[in-house]
Amino acid sequence: MITDNLLEGSPMKLKNPVALVTGASSGIGKATAERLATAGYKVYGTSRRGATSGQRAFEMLSLDVTSDESVAAAVNALLRSEGRLDLLVNNAGFSIAPAGAEESSIEQARSIFETNFFGILRMTRAVLPHMRRQGSGRIVNISSVLGFLPAPYMALYAATKHAIEGYSESLDHELRTRGIRVSVIEPASTNTQFDANLLQPDATLDEYREARAAVAKRMTEMLAAGDQPDVVADAVLKAATATHPKVRYAAGAAASRLRLLRRFAPAGMVDAGIRKTLRLDALTESLPHRRGPGQIVDLAVDDRLGQ
Ligand code: NDP
């Protein structure tokens with residue numbers, strides 16, 4: 001039964017708020033589902049494989065966020081059981097292994113958007129009619145530091161996360177007066193199954209082989225030394241329960257540092273820092289259009305000089 005006192009404020013003011021967390025079979029989604037259950041939410045997690053054996057503190061639903069039918073079935077099953085939904089955490093997502101931006105086919109580019117961005121759209125469209133009817137609700141979308149700081153050899157993933165950031169901020173403006181708030185969480189490298197679930201690029205070019213391998217090695221090291229998923233789960237709980245939630249939450253110390261850097265450091269300094277960290281200039285020194293160490297020759301200018 002929906003009552004007027006649900007119209008405003010945090011879902012935690014409810015006795016038994018109900019949460020749905022996509023991609024809760026591992027990593028950040030699993031840690032978030034557990035954290036919310038401990039905080040008093042009735043939690044439904046999801047996996048494309050449905051409920052697998054083993055004990056957990058939350059219910060498990062079968063869900064593939066790339067399918068309209070699957071999304072409708074999962075949301076309807078939850079609403080049939082609980083009659084309401086107070087919090088949606090859009091977490092399901094993956095990345096393509098470090099790859100040049102031109103090393104994925106259009107089909108592969110579509111597939112990462114289909115999960116990371118359109119998956120969020122599908123879930124949001126499925127739950128909003130119910131949240132609007134309730135006059136309350138929270139949507140928390142898992143973005144990334146790559147949602148505000150694009151990295152080379154991860155262009156398509158960064159593009160999906162930028163799309164999430166833009167969509168979420170627009171949506172939050174639209175829904176605020178309807179008692180619904182939308183936030184994004186921006187984790188830095190987090191130690192999960194993320195690297196095991198990377199999709200390999202499907203249109204590789206020899207020219208990028210060395211750079212791709214070097215960035216992949218660096219990424220594996222960064223993920224292994226990254227935050228624990230609990231750090232992100234804590235940020236989700238904060239966004240879900242704040243009386244006045246922010247649109248963006250950096251998750252953990254590394255993400256907070258990067259956000260400050262992006263906001264206050266001169267763009268040239270950030271650009272140079274990324275190139276230095278990933279040794280991008282050294283990686284392309286052997287290519288034919290380079291003249292001397294560390295100096296990139298503009299191809300167009302070079303061609304004109306050669307006329
Ligand atoms: P994991 O690979 O450990 O978890 C990914 C989860 O997404 C799994 O539970 C998987 O469920 C689910 N999933 C994947 N595709 C689909 C789909 N089509 N439909 C439904 N569920 C799907 O990775 P993380 O925990 O690290 O990633 C979670 C989120 O955090 C992602 O959005 C990622 O972009 C983001 N992130 C991760 C960072 C990191 O360094 N790890 C950093 C910044 C952001 P199943 O396979 O069981 O269906």
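Which residues come nearest to the ligand? Of the 31 residues around it, the nearest are Gly23, Ser25, Gly27, Arg48 and Gly93. I begin with that answer, colleagues, and shall return to the ligand in a moment. Please bear in mind throughout that this is a predicted model.

First, the chain as a whole. It has 307 residues, and 38% of them count as buried. Its secondary structure consists of 11 helices and seven strands. Consider next the contacts between residues at least 6 apart in sequence: 72% of these join residues at least 24 apart.

Now to the surroundings of the ligand. Which helix contributes the largest share of the shell? That is helix α1, residues 27-38, with three residues. By class, the shell around the ligand contains 18 polar residues, 10 nonpolar ones and three charged ones.

The crossing of α1 past α7 is right-handed. On the α1 side, the contact is made by Gly27, Ile28, Ala31, Thr32, Arg35 and Leu36. On the α7 side, the residues are Pro229, Asp230, Val232, Ala233, Asp234, Val236 and Leu237. Sorted by class, this contact of α1 with α7 comprises eight nonpolar, three charged and two polar residues. I would draw attention to Gly27, which takes part in the contact with α7 and is also one of the residues nearest the ligand.

Still in α1, let us turn to Ala37.

A second pair of helices may be set beside the first. Helix α3, residues 106-116, packs with helix α5, residues 155-175. Here the angle is about 35 degrees, and the axes are 10 Å apart. The crossing of α3 and α5 is right-handed. Which residues meet at this place? From α3 there are Ala109, Ile112, Phe113 and Asn116, and from α5 there are Leu156, Tyr157 and Thr160. In this contact of α3 with α5, five residues are nonpolar, two are polar and none is charged.

I now move to the loops. Leu85 lies in the loop that runs between α2, residues 68-82, and β4, residues 87-90. Why does Leu85 count as buried? Leu85 counts as buried because it has 22 C-beta neighbours inside 10 Å. Leaving out residues up to four places away in sequence, Leu85 touches Val18, Leu20, Leu78, Leu79, Val127, His130, Met131 and Gly137.

Tyr153 is not a glycine, although its phi is positive, at about 65 degrees. This tyrosine, Tyr153, sits in the loop between β5, residues 137-142, and α5. Tyr153 is buried, because 25 C-beta neighbours lie inside 10 Å. Arg279, also not a glycine, has a positive phi of about 50 degrees. Its place is the loop between α9, residues 267-277, and α10, residues 280-283. With 14 other C-beta atoms within 10 Å, Arg279 is partly exposed.

Lastly, at the other end of α5 we find Gly179, in the loop between α5 and β6, residues 180-187. Gly179 has 17 C-beta neighbours inside 10 Å and therefore counts as partly exposed. How far apart in space are Gly179 and Gly135? Their C-alpha atoms are 5.3 Å apart, while in sequence the two glycines are 44 residues apart.

Thank you for your attention.

How values were computed:
Residues numbered from 1 in each chain as written. Predicted model: local features only at pLDDT ≥ 70, side-chain atom pairs only at ≥ 80, totals over all residues. Near = placed C-beta within 6 Å. Helix = DSSP H or I, 4+ residues; strand = E, 2+ residues; numbered from the N terminus. Nonpolar A, V, L, I, M, F, W, Y, C, P; charged D, E, K, R; others polar. Left-handed = near helix turned anticlockwise from the far one by under 90°. Contact = placed C-beta atoms within 7 Å. Buried ≥ 20, exposed ≤ 12 C-beta atoms within 10 Å, placed from the backbone. Axes fitted to C-alpha atoms, helices over the stretch in contact; angles between N-to-C directions.
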